[in-house]
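User: I would like to learn how to read helices, packing and backbone angles in a model. Can you take me through one, feature by feature?

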Amino acid sequence: MVQELVFNVALLIFFIYCYFYIGATAPEPIPGQMDGAQWPRMLIVLLVILLCANIYKILKNRPKGENFKIALDIKGILTSKLFIGSMLVLVYSYALDYIGFIFGTIVFFIAYSSLLGERKISKLLIVSVVCTAVLYIIFDVGLDIFLPRGKGVFRNIALMIESIF
Amino acid sequence: MQAMEIIKLGFEVVFVPSTLILIFFGTVIGVIFGALPGVSSTMAVVLALTFTYGLDPVTSIAFLVAVYCAAITGGGITAVLFKIPGTPSNAPTTFDGHPMAAGGQPLKALSIALITSALGGIAAAILMLLVTPQLSAAALKFGSSELFAISAMGLSVLTALDEGNTIKTLISGLMGLLLATVGMDPIYGFPRFTWGNSTLLSGIEMIPVMIGMFAVTKVLNETVERSKLQNIDEAKRDKIRDGIVKLKELWAMKGTIVRSGILGTIVGILPGAGATIASFLSYSTEVKLSKNPGNYGHGEPRGIAAAETANNAATAGSMVPLLSLGIPGGNAAAIMMSALIMKGVQMGPMLLQRQPEYMGSVFVSMMFTNIVMVFVSFAVAKVFGKVLSIPYSILGTLILLLATIGSYALQNNTGNVILMVIAGIFGYAYSKFGFNIPALILGLVLGPIVETNLRRAIMLEQGNVLAVFTKPITAVLIIVSIASLLLPIVKPLIDKKKVNATN
């Protein structure tokens, strides 16, 4: 419940900030027209009202006698599957431009499948290479979607593989 | 030109061995693309464009139409089996399709989805052929205020999406509308909510956000707590109750199928309102009309039929403005239009007058595809059923990779992949705290249409807001929208009052 409350309050603060931010960048309104800031502001006002109602609902429905304590378990967060999974996907998406689709995908496949509980390393290695090859052939070779090649040595290897097909 | 002559022309174009093979191929790849989580029907059409480069324009449109229809239907497979809508328009299919499949009747759920999808497509194709001139003439008369009112009607389903959770569903829909304002202002052309970032100038790309919120969020959920995907395995299948839906059972749903088919076709015709709105609107209409609305969301067959009939009917509907006016009814239709323009075809009202074979080939291709795709889909579904035996440690990672490629292929840049991941992580928190992802997506899709048309309508009336809302068609549509939005909120209060009064 505390996490939900924090999430709602964070959204509320962000939207209040957005209400003023849009006004700071919008040009002067023209009479007889709805200017570009009015529509987002209308939405934000409604959002703020509804978020306040939701926060009130959370507070009202909290179990009697419960105190709000925000105990940050940094170690717990860092070792949670959610955090590791999110980080893996995030790092993979950023790394694609640098290490390319082929290497990035093989490494990501092994890492994420391990996180999902696959323990046999030999199986993981084979499946990751096969899946990467199949996806590459379908999309890059078959459908002409130029998947990221990466930079430096990764790019050279990708070009070499492309020349095979 | 008479309908029969158009059909004859269509048969002459389509019933040639090479074209038939192409349409069959289009149906197969359409179903597969649609069934792949993260490959939308629009993306399927984009990917299929590559195959049309060597074809003549009439055959190209017949082929692309086959891919489009089949992709929408294929998306129902993953919606039922994995609770991941293959295309956004299959999102309402997950509400009842997956619970029914998880409850031991995957074959029945799938057959309802596929057969009603085909019925919707066929009925809408006939409707398209018969009423194209009349409906397109009516759509042409719609101004900005009417278009605003129509998109507002699409938004009015928000409160029906999760009736016990109205506040959070409304917040979700509004957040979608707000997200749609990111980027250049559509009228004045100044940046909004970009914080100086040039990537944000073109706005939030819808497809990566949808892929992230449906596919990535789902895999993250399963990473933390494995559950749903393992529910539908052979061991849990109820072999006595499960089986292909019977004719009698389909007959019992005739009202739903007819209503959804008509609604889907009409929504498909309206510019900007496509298969996604059609399926949501149709689903919520059925919930509202039902004597037992509580059954919906727990494996109600009519819920599956409503969503699947409407989304496929909308594909035929979206072809009406494209063929008669040269206005695309949706994203996929816009891609088809650009493919035809690329081949030198002059789009517009004269197209049907001078080259009626386009209409004929689209109609015959749709009829053929809708019949063939039922069989193709069952075959693909069987393969996807086998996919369930793959350990989730492999399948989950594969879904993420397909989602990555789907986002990347959109503009060949990793920026969309990063957006997809962020949307996926946000979507996880969002759904964990009870907010509604389909509502956010609905807001995001409709946002630009609602805002642009409202502002244009006010501008045309020189700032007189009252004049905008008192136009007859607009007023009626707005009243219907407000009633539809408020009904799920007011109805429980009235029921509660009634119970209190009887006590």
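User: How many residues does helix H1 (residues 3-14) of chain B have, and how far does it reach?

Analyst: Helices (H or I, at least four residues) and strands (E, at least two) are DSSP runs, numbered from the N terminus. The expected span of a helix is 1.5 Å times one less than its number of residues. H1 of chain B has twelve residues. From first C-alpha to last, H1(B) reaches 16 Å, close to the 16 Å expected at 1.5 Å a residue. Two notes on the source. This is a predicted model, in which local features need pLDDT of at least 70 and side-chain atom pairs count only at pLDDT 80 or more, while totals for chains, interfaces and linings use all residues. Residues are numbered from 1 along each chain as its sequence is written, chains are lettered from A and ligands numbered from 1 in the order in which they are written, and side-chain values use heavy atoms, with hydrogens and water left out.

User: Which residues of H1(B) are buried?

Analyst: Buried means under 20% relative accessible area, exposed over 50%, and partly exposed in between (1.4 Å probe, protein chains only). In H1(B) the buried residues are B:Ile6, B:Ile7, B:Gly10 and B:Val14. They cover an arc of only 100° around the axis, which puts them on the same side of H1(B). The arc is that of the directions from the helix axis to the C-beta atoms.

User: Which exposed residues sit on the face of H1(B) turned away from its buried side?

Analyst: That face carries B:Met4, B:Lys8 and B:Glu12.

User: How do I read a packed helix pair? At what angle do H10(B) and helix H19 (residues 415-432) of chain B pack?

Analyst: Axes are lines fitted to C-alpha atoms, for helices over the stretch in contact, and angles run from 0 to 180 degrees between N-to-C directions. H10(B) and H19(B) pack at about 55°, with their axes 7 Å apart. Angles under 35 degrees count as roughly parallel, over 145 as roughly antiparallel, 65 to 115 as roughly perpendicular and the rest as oblique. H10(B) and H19(B) are therefore oblique to each other.

User: What is the handedness of the crossing of H10(B) and H19(B)?

Analyst: A crossing is left-handed if the near helix is turned anticlockwise from the far one by less than a right angle, and right-handed if clockwise. Here the crossing is right-handed. Contact means heavy atoms within 4.5 Å. Residues making it include B:Gly212, B:Val216 and B:Leu220 of H10(B), and B:Ala423, B:Gly424 and B:Gly427 of H19(B).

User: Now across chains. At what angle do the axes of helix H4 (residues 81-115) of chain A and helix H10 (residues 206-224) of chain B cross?

Analyst: They cross at roughly 135° and come within 7 Å. H4(A) and H10(B) are therefore oblique to each other. H4(A) passes H10(B) in a right-handed crossing. H4(A) contributes A:Lys81, A:Leu82, A:Gly85, A:Ser86, A:Tyr112 and A:Leu115 to the contact, and H10(B) contributes B:Val219, B:Leu220, B:Thr223 and B:Val224.

User: Is A:Ser113 buried or exposed?

Analyst: A:Ser113 lies in helix H4 of chain A. At 0% relative accessibility, A:Ser113 counts as buried. Leaving aside neighbours within four places in sequence, its contacts are A:Phe108, A:Glu118, A:Leu124, B:Ser393, B:Ile394 and B:Thr397.

User: What is the general idea behind checking phi?

Analyst: Most residues other than glycine have a negative phi, and most peptide bonds are trans.

User: Where is B:Phe193 found, and what is its phi?

Analyst: B:Phe193 is in the loop between strand E2 (191-192) and H10 of chain B. Its phi is near 50°, a positive value in a residue other than glycine. B:Phe193 is buried, with a relative accessible area of 3%. B:Trp195 is found in the loop between E2 and H10 too. Phi of B:Trp195 is near 50°, again positive in a residue other than glycine. B:Trp195 is partly exposed, at 38% relative accessible area.

User: Which residues does B:Ile29 contact?

Analyst: B:Ile29 lies in helix H2 (residues 17-35) of chain B. Neighbours within four places aside, B:Ile29 is in contact with B:Ala48, B:Phe51, B:Phe63 and B:Val67. B:Ile29 and B:Ala48 are 19 residues apart in sequence and 8.2 Å apart in space, C-alpha to C-alpha.

User: How many helices and strands does chain B have?

Analyst: Chain B has 22 helices and two strands. Buried residues make up 60% of its 503 residues.
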